[in-house]
Amino acid sequence: MAQSRDPFDSDVNVPLRAVVGNPELALDPVVETLRPGALDAPVRWAHVSELLDPVPYLLGAELLLTAGVNLPVEPAEIDRYVRRLAGSGISALGFGLTPGAYETLPPPLLTACARHGLPLLVVQPRTPFLAISRAVSVALAEAGQREQRRIAVAREALTRAAGDGLGELASALAGRLGAWVALVGAGDVLAADHGAPSPLPGEVRELVATLRAGRGIRSATTELADGTHVVAQPVYPQATASHLVVVGRVARFDGADRSILSVGAALLGLAGRAGSDAAGLGATATGLLLGETEVIGGDERRLVAGIAYRKGPNEVAVRYDWLRARLDTPLVRLRPGPRFDAIVREAPEAGDLDRLRADGWLAVVGSPVPPGRLPEAAGEIELLLTRAAALGRPVVAEGTSGLDALIDPDAAAGFAVQVLAPLRELDRQGDRELVGTLRTWLAHHGGWDRTAAELGVHRNSVRHRIGQIERALEVDLADPETRMRLWFALRWSNQVTLR
């Protein structure tokens, strides 16, 4: 049966056994509650709750910790409590023993956990819940770093293979995923490797048909009768579902696997578009993904950049693989943050920018410039991103038809250097970040709290820095004309520093 991707599939997690096996925590799993494979359950966070019904506030795959403050007395109520927790998808329940309260494990709780298959861990009084949360956080950070290293190595290997054609690229992708790979065209398998079934099973053909019948760029999964997990998604930048990449293996595909598959899908799309110019594709793709691409040609180009923003309390930007199709360019680079940079010939339409925002990306578009001036345009992009974050919406540069057309670049650059020189000197003397603080504060129209939140400092620190700026520049930032002049200087200082 085909199904859409779980939005939390890409979350980093660690197996429950990694938490239980931490000697510093001294957690005691109750054997009667452990079904086969229970210790392999993913843990995405450790959460403390003494609510009688915490289920509405859970996302699944948590290690839930409780000292039983509101644990019911009646066995039937305890059974209901455990049954709802098990149904919410938590990985385990950690019960803290407390002198004077619960010095031993309540028997009805053990019975209920065993009945509903919910792993139960005994937390000794010497182990604070905070220590468990911290240990899980550290383990998740380490797992995330391992995933990023794995993705980076796979990306480099795939971009090198891209220059050798579809077959070599499919083989490299199969090797990195430990899966069979099939590139499916309108009615044929264009490339396959690592034992891809031929012909494709009926369930896979149904999956392909489901994707082609829909709209937009998606991925879909199914599980075959022999236990093989299959994922299918369109290749990019075409993103029309006329060509799909299908991968399958016995083990489920985790978040890192999905990221590697997205890179492979993008490169397969580029390889298919490049045709006989596969060698040129390999060089371009490698340079792009490693940040070394040099764009040639006489046409003007625009830089597009985007930053991820939270769409809700537990949502962050997802679907990096949509970007090349959304922007209609292969020249897209993903960076930490997360953030992306792209080079386009035509500015994206307002609707495209709004759709990017709906997918978790706040994007900006720079002024059109010749290819040789793209490094300079990066400075403008940084300022536009600051404005976009402050406004909470996409921003497009005015371009040559706006204010820039009336300004001599050399004169503006000289003005910027002169005005901001005192702040840059203070920044060189110590880690004060006065120029960055001024830029963010102006973008937020002098809002102390919003500036502090974006800079990650206390609002009093922002007030202190603004006071330093006023004294260094001998200005009053309450004056709107002064703010205008400083914003203008910041706009052109970005251009100067990148020349």
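Predicted model: local features only at pLDDT ≥ 70, side-chain atom pairs only at ≥ 80, totals over all residues.
User: Which residues of α2 are buried, and what do they pack against?

Analyst: Buried means under 20% relative accessible area. In α2 the buried residues are I78, D79, Y81, V82, L85 and S88. Their packing partners are β6 (62-66), β7 (92-96) and α3 (107-116). Just after the helix, G89 takes a positive phi of about 90°.

User: How are the buried residues of α6 arranged around its axis?

Analyst: Helix α6 (residues 202-213) has 12 residues and reaches 16 Å, close to the 16 Å expected. V204, L207, V208 and L211 are its buried residues. Viewed down the axis of α6, these fall within an arc of 95°, so they line one face of the helix. The elements covering them include β11 (220-223), β12 (229-234) and β13 (244-249).

User: Turning to a loop position, is T329 buried or exposed?

Analyst: T329 lies in the loop between α9 (323-327) and β15 (332-335). With a relative accessible area of 6%, T329 is buried, the cut-off being under 20%.

User: Which residues does T329 touch?

Analyst: Leaving aside residues up to four places away in sequence, T329 touches R324, A342, I343 and V344. Of these, I343 is 14 residues from T329 in sequence, with a C-alpha to C-alpha distance of 7.2 Å.

Notes
Residues numbered from 1 in each chain as written. Heavy atoms only, no water. Helix = DSSP H or I, 4+ residues; strand = E, 2+ residues; numbered from the N terminus. Buried < 20%, exposed > 50% of the residue type's maximum accessible area, 1.4 Å probe, protein only. Contact = heavy atoms within 4.5 Å. Expected span 1.5 Å × (residues − 1). Arc of directions from axis to C-beta.
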